[in-house]
Amino acid sequence: MRRHYLDNLRWATVLLVVFYHVIYMYNGVITAGVVGPFAPVQPQDAVQYLLYPWFMVLLFVVSGASARLALERQPPKAFAARRTEKLLVPSTLGLLVFQWVLGGFNMALAGAFDTLPPLPAPVLWLIMAASGCGVLWFAQMLWLFSMALVLLRRFEKGRLYRVCGRLGPLALAALGLPLWAAAQVLNAPYIAVYRFGIYAFAFLLGYFVFAQEEVMERLAAHPLPFCAAALALGTAYALRWFGQNYAAPPAVNCPLAIAFAWAAVLAAFAAMKRWGDRTGPLAAWLGQRSFGLYVIHYLPLAAAAWAMDRFLHLPAGVCYLLAAAAAFGGGYGLSALISKTPVLRWCVLGKRKEKRHVSG
């Protein structure tokens, strides 16, 4: 049976990612490569502190669980080939074919074109392609973890999986301690999103722990305590670090940040398993298009934000609304258009042809 709560967690988290980027485009905390704030202090910037610590951790846990289910249905070689097509192609070839356009807008927002010396067109194109990586860091890391998982399965033989199947809610909560330890290591310098330690551990937790229905049933029996803990820790985190860079140490990997992140992940799984393990036309539609929205949304968002900042100078509320319309509407619209375009859909979305139903 398909686990609808995993599908729902995935598309719901992607929607939060898009919403986060709308707020981020006008934030006053991390201002490089964005339009920047409307005022010295913006209460709406608190959204970043309430989302950033946990939503990508959650996506990696969901991806790890989905990888386990996929490997139960297909041999490792087919899994590796599909993950390469789905993840590596869009995050490498897609940069050169399509995402270089986003790189141009990112550089324009950062004022890079004003400081660059005259360059040959091919060199400028490569720089723009590198600048257009954006959200594709997730696909790059997920591909690396998936390839490592194929190798790991040759040695693990299911022993750790069986041990993890006995975990209960308290043991799951205690996994926040090794998650904190993982958050302290393998963090790339200068590029804050490449947090290999915590994201690799979250992916493996998804594979070994959260893919097991028995474990999820035990967790889903207690959603309210985890939701209350996430709310309390998130409030404390936002109050403690508001105004400081939440994406860099010490804010990003302090004990409070990791405790909040893990409580939010457990709350999301417990609540969705308990109350959201179902689907319908809207949920199916959102699930089928979540990857396309994730990959594409930042381009129309950046283009709209750049145009409004350069030509229109609108009130803050109007800018947020139009930016959200561009991110969601443009993301879904461009994704649908690209899905119908041969070659481009493979380069940008890892699709050979448009499908009516999407497998996990």
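Student: What volume does the second largest pocket have?
Tutor: This is a predicted model, in which local features need pLDDT of at least 70 and side-chain atom pairs count only at pLDDT 80 or more, while totals for chains, interfaces and linings use all residues. Residues are numbered from 1 along each chain as its sequence is written, and side-chain values use heavy atoms, with hydrogens and water left out. On a 1 Å grid over the protein atoms alone, a pocket is an open set of points with protein on both sides within 12 Å along at least five of seven lines. Taking volume as the space filled by probe spheres set on the points, which are joined across faces, edges and corners, the second largest pocket has about 1000 Å³.

Student: Which element gives the largest share of the lining of the second largest pocket?
Tutor: Lining residues have an atom within 4 Å of a point; there are 31 here, and Y24, A32, G134, I191 and V193 are the closest to the pocket's centre. Two or more residues each come from α1 (4–25), α3 (55–73), α4 and α5 (121–131), where helices are DSSP runs of H or I with at least four residues, numbered from the N terminus. The largest share is four residues, and it comes from α1.

Student: How many residues in the lining of the second largest pocket are charged?
Tutor: Asp, Glu, Lys and Arg count as charged; Ala, Val, Leu, Ile, Met, Phe, Trp, Tyr, Cys and Pro as nonpolar; and the others, Gly among them, as polar. The lining divides into 25 nonpolar and six polar residues, and the number charged is none.

Student: Which elements give two or more residues to the lining of the largest cavity?
Tutor: A cavity is a set of points where a 1.4 Å probe fits but cannot get out, and the count comes to one cavity of 30 Å³ or more. The largest cavity holds about 30 Å³ of space and is lined by Q99, L102, C133, G134, V135, L136, V295, I296, Y298 and L299. The elements that give two or more of these residues are α4 (76–110), α15 (290–296) and α16 (298–312).

Student: Are α4 and α6 roughly parallel or roughly antiparallel?
Tutor: Axes are lines fitted to C-alpha atoms over the stretch in contact, and angles run from 0 to 180 degrees between N-to-C directions. The axes of α4 and α6 (residues 137–156) come within 9 Å and cross at roughly 160 degrees. Angles under 35 degrees count as roughly parallel, over 145 as roughly antiparallel, 65 to 115 as roughly perpendicular and the rest as oblique. So α4 and α6 are roughly antiparallel.

Student: Which residues of α13 make the contact with α9?
Tutor: The axes of α9 (residues 176–183) and α13 (residues 255–275) come within 9 Å and cross at roughly 125 degrees, so the helices are oblique to each other. From α9 the contact takes G176, L179, W180 and A183, and from α13 it takes P255, I258 and W262.

Notes. Contact means heavy atoms within 4.5 Å.
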